[in-house]
Amino acid sequence: MQTHQFDVVIVGAGGAGMRAALESSARTRTAVISKLYPTRSHTGAAQGGMCAALGNVEDDNPEWHTFDTVKGGDYLVDQDAATIMANEAIDAVLDLERMGLPFNRTPEGRIDQRRFGGHTRNHGEAAVRRACYAADRTGHMILQTLYQQCVKNEVAFFNEFYVLDLILTHDLTGREVPEGEDVAVSGVVAYELSTGEIHVFRAKSVVLATGGAGKIYKTTSNAHTLTGDGMALAYRRGLPLEDMEFFQFHPTGLAGLGILLSEAARGEGGILRNADGERFMERYAPTIKDLAPRDIVARSMANEVREGRGAGPNKDYVLLDLTHLDPAHIDAKLPDITEFARTYLGIEPYTEPVPVYPTAHYAMGGVPTNVEGEVLRDTTHVVKGLYAAGEVACVSVHGSNRLGTNSLLDINVFGKRAGISAAEYAAGASWVDLPADPAAAVVEELEDMRNRPQGERVSDVRRELQQTMDTNAQVFRTAESLRQAFQDIQVLQERYSRVSVQDKGRMFNTDLIEAIELGFLLDIAETVVVGALNRRESRGGHFREDYPKRDDENFMEHTMAYRRQPGVPVDSPALSAPKGEEVPEPGPGRPVVLLGTKPVVTTVYQPMERKY
Amino acid sequence: MTAVAERSAAAEPKAGEIPSFEVTLKIRRYTPETHGDEAYWEEHTVTAHGTDRLLDALHKIKWESDGSLTFRRSCAHGVCGSDAMRINGRNRLACKALLKDLNPDKPITVEPIKGLPVIKDLVVDMEPFFASYREIMPFLITTGTEPSRERLQSPEQRARFDDTTKCILCAACTSSCPVFWTDGQYFGPAAIVNAHRFIFDSRDEGGAQRLEILNDKEGVWRCRTTFNCTEACPRGIEVTKAIQEVKRAMITRAF
Ligand SMILES: Cc1cc2nc3c(=O)[nH]c(=O)nc-3n(C[C@H](O)[C@H](O)[C@H](O)COP(=O)(O)OP(=O)(O)OC[C@H]3O[C@@H](n4cnc5c(N)ncnc54)[C@H](O)[C@@H]3O)c2cc1C
Ligand code: SF4
Ligand code: FES
């Protein structure tokens, strides 16, 4: 075992982690720990753009952007956070340009902008060109540019190191914290993939930037490595997860594969059609049609298929039509995604429409933070020294449905804020003692898993989890389907306790790592399902067929999911009586998911019906 | 009974259904912890479907029969650069190599990319590759005060280096280069591609420094224009052309 000491440790080297690292490493001794080489992070898969009201090509302003974000999120957005994000967006884009990001340009040489779903002029009048982009590889260019700057600034990376535990002064799953007592972070425990060695990183500040959790679903645009690690680490230590029931299904995944075709395809003029060739979005969103927010488009597509108007031999997808666009325009603006259609489906988008179906894309929920990136342990108290930013976090600028291009913005704005906050906190804080044997829990878990002679297979449990989530907790949900998912997860949790791996080695044991990641997925899926059961309404990405209306009276509040050991008395004011379906009992001896709420911050925009 | 039913179903796929087929993978394995210091070949046969890629077949083996088979992967659609490997003797990304395009009648050979130390099975040590990349100063270099708005750049100026911005640092090019195999000191095509990305960026002022670095004895002049790199690049970057442009810039100092 090795021990390291840094003022700030950043977990994750995607856009959020590296943006934080650039700030933090300029101020204090900083390490970035990442399970992937930084340039392999999934930020690199982002295609369409990053929005900011630059007004380079038409009139625009941050207030319109804030409004669109709040409305797009079906009013579950914290409006203070959304205002900050929209205001700081312009500098975030200009920062990246100064770092060298090769944005597409207008004829005058300014940063070009294009349309994206839900972004409008003057509170919904018409679509506005707000997304800054670099062809259809904007995320790739952001990731590369941030990494280039990290190389320039000699940021210390620990690559292919897996953080497997978060060290806090208190185990919050076991008891409540008396008023007046502080909870603080003191470091993380990591596993070095190439050697199997355990490393303890002692730190004054820790920033979680581990990205999303799309692999709880079978059909997803997310990488194999997006297993919700940071969310699970916090949750297992008793920290709440906010709004986990809100998962975004992106309308245009390649049918059967889930690989994403950016909304930019529709921003550039692409049209969705059903088997009859009908432009069906005209029925669901008469004003902005194909550019309605993702939740609406995804449900409309699923509905077309459900009502028998799907295309293809099994009538199980709809078509994205680009054939009316000039091939030269497609090549200039959408080269990568048209290449995906060719490579993976053998479809020529110049002449044939592309089969598409919704794909699990983005976790709106996550580790709750305030606008400085500090992690909350209930509705009001922060964990000293602990920060989170990016898809792992919930600040909450996306509410119940994220607008396209707002995540690349989020990771830059709040990554920067978290990096600054973490460094500033570390400058003034004293060291917190590590527990006697900080790595004990991780070592035990790994050894158990490695030594179990035989048992359940990781891939079986994972496949069944992903299947039940796709079947029961996807675009359409009911109490019944969600209860089914919950029961399935209980069974799978029990089977997980008997999982064994075939690779017993120390070096580069990805078999072992997949087993650990599966544990994270199960815990995260459970919070999604429990939150969804409780929320007896439909809002943004969460659609309950048995409660198809938004219910502001009962549910205009964030969900907070807490893990507690069985039998721990629940008297915290953070917890509230469940309002929705009775959550069934978990398996015997298993910790419970307790639900609380957190008020939504409303500043100027009163909830209205969301029409497009 | 069942076997018959399956066979007839396979023979007459439903309309629009993609038939499945068998493929054999011949994989170069290296597992010093269990099999000693010599690499060895191992064959696995799996059932594949029409849109399956080599990565799917590797996953099938790992998930259903041999969990110890080790390779890197993340995005699974050709954008993260994790899974460059030598497939039937050619460098490609496993997640972009469709099995049906690989002639499944013969065993498909799968080896780690060449010229970098193998750690385990298909996983190589990428550090020497990234070290070369870092040496060419892969970041925008400017002087003077920062502008308050964006720097202006015309679409034509931007087009000048568009191709080389696509690089995902997968090392398929560098590890297909005969010069790199014999001389591990050579910067290799990927580093030159990334130098090109900045040398031809109208906003950058570090071109002369980078050309100085690449003019070194292990630099751009070692390229023998074999085009392996261009063929290998999964992003379709015209690697050899980029190297030629860097060479020309070195002579003319015009970029
Ligand atoms: C296909 C696709 C297209 C998209 N297009 C757009 C778009 O056009 N516009 C937009 O705004 N948004 C888009 N998004 C969303 C956006 O890209 C992501 O939400 C965002 O990039 C997430 O960034 P991140 O830094 O939070 O996480 P990531 O980039 O996913 O990085 C996570 C990091 O955490 C590390 N990590 C994870 N677990 C551990 C662990 N246990 N230990 C150590 N390290 C760990 C990983 O190695 C990685 O470095 C898209 C998403 C997808 C999937
Ligand atoms: S130039 Fe092409 S082959 Fe070489 S590292 Fe970049 S993407 Fe890979
Ligand atoms: S897995 Fe990302 S490029 Fe193949």
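Which residues surround ligand 2? Chain B supplies B:Cys167, B:Ile168, B:Leu169, B:Cys170, B:Ala171, B:Ala172, B:Cys173, B:Ala190, B:Cys233, B:Pro234, B:Arg235 and B:Ile237. Keep in mind that this is a predicted model. Below is a quick tour of that ligand shell, chain A as a whole, the A/B interface and a few local spots worth a look.

**Ligand 2**
- Sorted by class, the shell around ligand 2 comes out as 11 nonpolar residues, no polar ones and 1 charged residue.
- The cysteines around ligand 2 include B:Cys167, B:Cys170, B:Cys173 and B:Cys233.

**Chain A overall**
- Chain A is built from 16 helices and 20 strands.
- Its radius of gyration is 23 Å, close to the 25 Å that the globule rule gives for 612 residues, so chain A is as compact as a globular protein of that length.
- Along the principal axes, the C-alpha atoms of chain A fill a box of roughly 65 × 50 × 50 Å.
- Of the 612 residues in chain A, 69% are buried.
- Take the contacts in chain A between residues at least 6 apart in sequence, and 77% of them join residues at least 24 apart.
- The accessible surface of chain A is about 19,000 Å², with 48% of that belonging to carbon and sulfur atoms.

- The size of an interface is often given as the accessible area lost when the parts come together.
- Here chain B and chain A bury about 5,400 Å² between them, and 50% of that is on carbon and sulfur atoms.
- On the chain B side, B:Trp63, B:His77 and B:Glu150 lose the most area to chain A, together 12% of what that side buries.
- Counted by residue, 66 from chain B are in contact with 63 from chain A.

**Helix α3 of chain B**
- Helix α3 of chain B covers residues 54-64, and its buried residues include B:Leu54, B:Leu55, B:Ala57, B:Leu58, B:His59, B:Ile61 and B:Lys62.
- The cover over those buried residues comes from both chains: it includes α15 (510-534) of chain A, along with β1, β2 (40-48), β3 (84-87) and β5 (108-111) of chain B.

**The loop at B:Tyr30**
- B:Tyr30 sits in the loop between β1 (21-29) and α2 (32-35) of chain B.
- Setting aside its neighbours within four places in sequence, B:Tyr30 touches two stretches of chain B: B:Asp37, B:Glu38 and B:Ala39, and then B:Val118, B:Ile119, B:Lys120 and B:Asp121.
- B:Tyr30 and B:Glu111 are 81 residues apart along the chain, yet their C-alpha atoms are separated by 10.0 Å.

- A:Val395 and A:Ser396 are joined by a cis peptide bond, with omega at about -5°.
- A:Ser396 belongs to the loop between β18 (393-394) and α11 (406-428).
- A:His123 isn't a glycine but has a positive phi, near 60°.
- That histidine, A:His123, is in the loop between β4 (113-121) and β5 (126-132), and its 34% relative accessibility makes it partly exposed.
- A:Asp243 is another non-glycine residue with positive phi, in this case near 55°.
- The loop holding A:Asp243 runs between β10 (241-242) and β11 (247-254).
- Is A:Asp243 buried or exposed? A:Asp243 has a relative accessible area of 0%, so it counts as buried.

Note on methods. Residues are numbered from 1 along each chain as its sequence is written. Chains are lettered from A and ligands numbered from 1 in the order in which they are written. This is a predicted model: local features need pLDDT of at least 70, side-chain atom pairs count only at pLDDT 80 or more; totals for chains, interfaces and linings use all residues. Side-chain values use heavy atoms; hydrogens and water are left out. A residue is near a molecule or strand if one of its heavy atoms lies within 4 Å of it. Ala, Val, Leu, Ile, Met, Phe, Trp, Tyr, Cys and Pro count as nonpolar, Asp, Glu, Lys and Arg as charged, and the others, Gly among them, as polar. Helices (H or I, at least four residues) and strands (E, at least two) are DSSP runs, numbered from the N terminus. The radius of gyration is taken over C-alpha atoms; the globule rule is 2.2 Å times the number of residues to the power 0.38. Buried means under 20% relative accessible area, exposed over 50%, partly exposed in between (1.4 Å probe, protein chains only). Contact means heavy atoms within 4.5 Å. Accessible areas come from the Shrake-Rupley method with a 1.4 Å probe; for residues, only the protein chains shown count as cover. Buried area is the accessible area (1.4 Å probe) that two parts lose on being put together, summed over both.
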